[in-house]
Amino acid sequence: MSERDARPLWHGRFAEGPADELLRFTSSLDFDRRLAADDIAGSRAHVAMLARVGLLTDEEAGTVMSALDTVGAEVVDGTLEFAPTDEDIHTAVERRVTQLVGPVGGKMHTGRSRNDQVALDLRLFLRREGRAVAAAVHELQEVLVRRATDAGEAYLPGYTHLQRAQPVLLAHHLLAHFWAFARDVDRWRDALDRADVSPLGAGALAGSSLPLDPDSVARELGFARRFENSIDAVSDRDFVAEALFVAALTQTHLSRLGEEIVLWSSEEFGFVHLPDAYSTGSSMLPQKKNPDIAELARGGAGRVIGDLTGVLATLKALPFAYNRDLQGDKEPLFDALDTCAGALRAVSGLVESAEFDTGRMQAAADGAATAATDLAELLVRRGVPFREAHEAVGALVRQAAERGIAVEELVMTDPRLGPEALAALEPGEAVRRRTTPGGAGPEPVRHQLAAARGRLDDQRAWLARA
Ligand code: ARG
């Protein structure tokens, strides 16, 4: 390593070199090297703009571009060597470019600060990785629709307070998760749209006296627009906080689905059998088959919520414009997107291959208790005020329990109920009676499935454009 390489890029102001402790403590290279490709893409667009406005000759720009190509290739094949004074990926790339082409490399940073550079890199990163998470949500939704279609008219108890409430089609229950994830995709779209702003050209915080052209840089990098305010451009991490919120909510939805898979796969419920390929064993208990994927998806929610709250806490008292605290935005963002994407893919595989025990589900849903509301509604159709009907059926259920007899027996002999009411208690009858729009029976679920497929088409069209 030459003398020159041992000095930080900002050495001019300093008579003494940096302490090792400072270098160790302030470096972000361990994690922001992940932004290398985005950093190089941003530098290419910046250099092209500098040439367009005459701050670099075409020849100079060509020389720097070819050095950036070399560094890009070194990043891809893992041969880019870092120096102890590389504070971050931005300084590492610039140092290497200058090492390759000499002093002309020093023109690359004209009119630019690492403050607008890092904001740009992170937005480029999020554009790609956020879309990938949204695509993974979409894939899980496709799995849910496939499983809902295959479930046909199978039904299970629906629960409130984790107590059996009313029977619902299995398809309906699976689609309930579908709609939560559909809103997540909407949120990803929305957040990514708001993040679609190029901050390059803001400089350290105030723009530049040089004739920069941030609009053309924004266009070249495929951004929808450039920043409106240079202070905002380098201070703003709303796009990180929003992405973290959407990731946290997506992961929360995964967690609720995971929790149900944990419950359903227990011997107590026995509604689902997990395939060997998606289950884990116990190191001590030979009989165990554990739903670890579902648990990790559930646990991941705690982690991603932590990423979100950590970044919000970092932002909350930061004066404008850039402060080094902002360096802490990257690891939570990387962690949240990795956690979320990983869990989405694993849960998709799990749901795709889970085997539903519809016999057990239906047995749990059949019986007078879950059809009690239907008995009350039968009375309502005969003109009885709902409150009275509710009380009458409630009393019937209580009597049956007290006398240790079947509700059906009392229904049969009750003058207000009788054979028609008994027919409503036949297996599967209660769920077939759920005919209202958005309800849990076969007819509304057919419409719902069509709407879900329409939503998937819409998402597919967006993903193809994004
Ligand atoms: N590593 C820094 C970050 O991640 C880059 C920006 C540094 N800017 C500065 N003025 N020290 O935020």
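A residue is called buried when its relative accessible area is under 20%, exposed when it is over 50%, and partly exposed in between, with a 1.4 Å probe and protein chains only. The model shown is predicted, so that local features need pLDDT of at least 70 and side-chain atom pairs count only at pLDDT 80 or more, whereas totals for chains, interfaces and linings use all residues. Residues are numbered from 1 along each chain as its sequence is written, and side-chain values use heavy atoms, with hydrogens and water left out.

View 1. The shell consists of S28, D88, H90, R114, N115, V118, Y322, R324, Q327 and K330, a residue being counted if one of its heavy atoms lies within 4 Å of the ligand. By class, this shell has two nonpolar, four polar and four charged residues; Ala, Val, Leu, Ile, Met, Phe, Trp, Tyr, Cys and Pro count as nonpolar, Asp, Glu, Lys and Arg as charged, and the others, Gly among them, as polar. Helix α6 (residues 114–151) supplies the largest share of the shell, three residues, where helices are DSSP runs (H or I) of at least four residues and strands are DSSP runs (E) of at least two, numbered from the N terminus.

**View 2. Ligand atoms facing the side chains of D88, Y322 and Q327.** An oxygen atom of the ligand is 2.5 Å from an N or O atom in the side chain of Y322. A nitrogen atom of the ligand is 2.8 Å from an N or O atom in the side chain of Q327, and a ligand nitrogen is 3.1 Å from an N or O atom in the side chain of D88. Of the 340 Å² of accessible area that the ligand has on its own, the protein covers 87%, as calculated by the Shrake-Rupley method with a 1.4 Å probe.

**View 3. The salt bridge between E87 and R114.** A salt bridge is a side-chain nitrogen of Lys or Arg within 4 Å of a carboxyl oxygen of Asp or Glu, and the side chains of E87 and R114 meet in one at 3.6 Å, N to O. The pair links distant parts of the chain, 27 residues apart, with E87 in the loop between α4 (58–76) and α5 (89–101) and R114 in helix α6. E87 counts as buried at 5% relative accessibility, whereas R114 is partly exposed, with a relative accessible area of 24%. E87, D88, R114 and R324 are linked in a network of salt bridges.

**View 4. The salt bridge between R237 and D329.** The closest N and O atoms of R237 and D329 are 2.6 Å apart. R237 lies in the loop between α9 (230–235) and α10 (238–264), and D329 in the loop between α11 (292–315) and α12 (330–353), 92 residues apart. R237 is buried at 2% relative accessibility, and D329 is buried with a relative accessible area of 3%.

View 5. Strand β1 (residues 155–160) and strand β2 (residues 163–169) pair in the antiparallel sense over six bridges, pairing being assigned if DSSP finds at least two bridges between two strands. Y155 has L169 in β2 as its bridge partner. Two residues lie between the strands of this hairpin, and H161 in the turn has a positive phi of about 55 degrees.

Methods
Polar contact = N/O pair within 3.5 Å; in protein donor to acceptor, adjacent residues only side chain to side chain.
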